[in-house]
Amino acid sequence: MEEVCKAIVIAAGGATTVVLTPALLASLGFTAGGIAAGSIAAKLMAYFAIFNGGGVAAGGLIAMLQSWGAAGLSWLGMSSMFGVGGAASWLISSLCNITVTT
């Protein structure tokens, strides 16, 4: 039963991460129309531009997040997000080992 619990927690964590990542990116301001003015994404872009001497690096973190926000995740991106969510859920799955006694 413990292994079934772990499998369910890991699969649910991976699937939830894949589903919520686009919503999280949009809420941060990484939208299909570009970075939303006044959003956290706009502030991050400004900070990264200052640190990079006036521009945002192509292929950098902001560019990658904007690409995901505009076009969505590729199969590789979804697989990566599923892996990250699954790994985090595997750590949490230790809760399946807890036995409650009354």
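The following paragraphs lead through the structure from the overall chain to single residues.

This is a predicted model, in which local features need pLDDT of at least 70 and side-chain atom pairs count only at pLDDT 80 or more, while totals for chains, interfaces and linings use all residues. Residues are numbered from 1 along each chain as its sequence is written, and side-chain values use heavy atoms, with hydrogens and water left out.

The protein chain contains 4 helices and 2 strands; helices (H or I, at least four residues) and strands (E, at least two) are DSSP runs, numbered from the N terminus. Their order from the N terminus is α-β-β-α-α-α. The radius of gyration of the protein chain is 18 Å, whereas a compact globule of 102 residues would have a value near 13 Å. This radius is taken over C-alpha atoms, and the globule rule is 2.2 Å times the number of residues to the power 0.38. Along the principal axes, the C-alpha atoms fill a box of roughly 60 × 30 × 20 Å. Of the 102 residues, 23% count as buried, that is, under 20% relative accessible area, with exposed meaning over 50% and partly exposed in between (1.4 Å probe, protein chains only).

Helix α3 covers residues 61–71, and its buried residues are I62, L65 and Q66. Seen down the axis of α3, these residues fall within an arc of 100 degrees, so they line one face of the helix; the arc is that of the directions from the helix axis to the C-beta atoms. An α-helix has 3.6 residues a turn, so residues three or four places apart point the same way. The buried residues of α3 pack against α1 (2–28), β1 (30–31), β2 (34–35) and α2 (40–51). After α3 comes G72, whose phi is positive, near 85 degrees.

The largest nonpolar core has 5 residues, namely L25, F30, A41, I62 and L65. Such a core is a set of buried Ala, Val, Leu, Ile, Met, Phe, Trp, Tyr and Cys residues joined through side-chain atoms within 4.5 Å. Neighbours within four places in sequence aside, A41 is in contact (heavy atoms within 4.5 Å) with L28, G29, F30 and I35.

S39 lies in the loop between β2 and α2. S39 counts as buried because its relative accessibility is 12%. Not counting residues up to four places away in sequence, S39 touches L28 and G29. The side chain of S39 also reaches the backbone oxygen of A36 at 2.6 Å.

How values were computed:
Polar contact = N/O pair within 3.5 Å; in protein donor to acceptor, adjacent residues only side chain to side chain.
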